[in-house]
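Subject: Structure handover

Hi there,

Here is the structure I promised to pass on. My notes follow below it, and I hope they are handy when you open the file.

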Amino acid sequence: MRVLAVETSTLAGGVALVDGERLVAEYLLDVSVTHSERLLAAIDHVLADAGWTPRDLQGLAVAVGPGSFTGLRVGISTVKGLALALGLPVAAVPTLDAMAAALPWASLPVCAVLHARRNEVYAAVYRWDGEGFRRESEYLALAPEELAARLGEPTLLLGDGADAVQSPHARRVPPPRRVPSPACVAVLGRARLALGETVNAAGLMPLYLRPSEAELRRRVPAAR
């Protein structure tokens, strides 16, 4: 199955192509240029370099969050448009799941951590059970101190929010693993597509975990 994956949960967004179990291409760019300015160009770039056309694709995968509200909207909207135009099935991949998948066969628990606004982080804890990663916590939005208090044993922390978690049990993964990988989104997405775990374009929604800043402002009564 030829799958295009889109990852826009952080500033370091990108795309990847897989053909079965083979990673064909991965494009990742960690710069302060908006996803709306570069995402379609990145898709065109990897398809051209692979010698593929959009009609060669058999499925799509997209990271649905948590993460940047704006980034997720751009990525999901792009995939919705492609799914409708090409008639392709879509796999929705939680961003934290894809991050943990970057550390297969880890002997320690893995905690994926992303920066969130309002002095919080997004996080989830996973453990390898011999066949795959099993998520052991809910998808969380909480203060770094609260997450640190939950770590009761040595745990591998990866993601751009890992440095904010101060715990004697924290074992931080080196910087190349600080951002979500489009390739991991592609691998998990392909597995979901193969199992028929798809979402139609209309039902594709972000996993936000908490209200956006704009929603929070609307909830505050106007000052008299």
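Helices here are DSSP runs of H or I with at least four residues, strands are E runs of at least two, and both are numbered from the N terminus.

This is a predicted model: local features need pLDDT of at least 70, side-chain atom pairs count only at pLDDT 80 or more, and totals for chains, interfaces and linings use all residues. Residues are numbered from 1 along each chain as its sequence is written, and side-chain values use heavy atoms, leaving out hydrogens and water.

Among the buried residues of α2 are Phe69, Leu72, Ile76, Val79 and Leu86 (buried is under 20% relative accessible area, exposed over 50%, partly exposed in between, with a 1.4 Å probe and protein chains only). Their cover includes β1, α1, β4, β5 and β7. After α2 comes Gly87, with a positive phi near 65°.

Now the salt bridges (a side-chain nitrogen of Lys or Arg within 4 Å of a carboxyl oxygen of Asp or Glu): there are nine. Arg127 pairs with Glu136 at 2.9 Å, N to O, and with Glu153 at 2.7 Å. The Arg127–Glu153 pair links strand β7 to the loop between α4 and β10, 26 residues apart. Glu136 also bridges to Arg134 at 3.0 Å. Shared partners join Arg127, Asp129, Arg134, Glu136 and Glu153 into one network.

Best wishes

Methods
Contact means heavy atoms within 4.5 Å.
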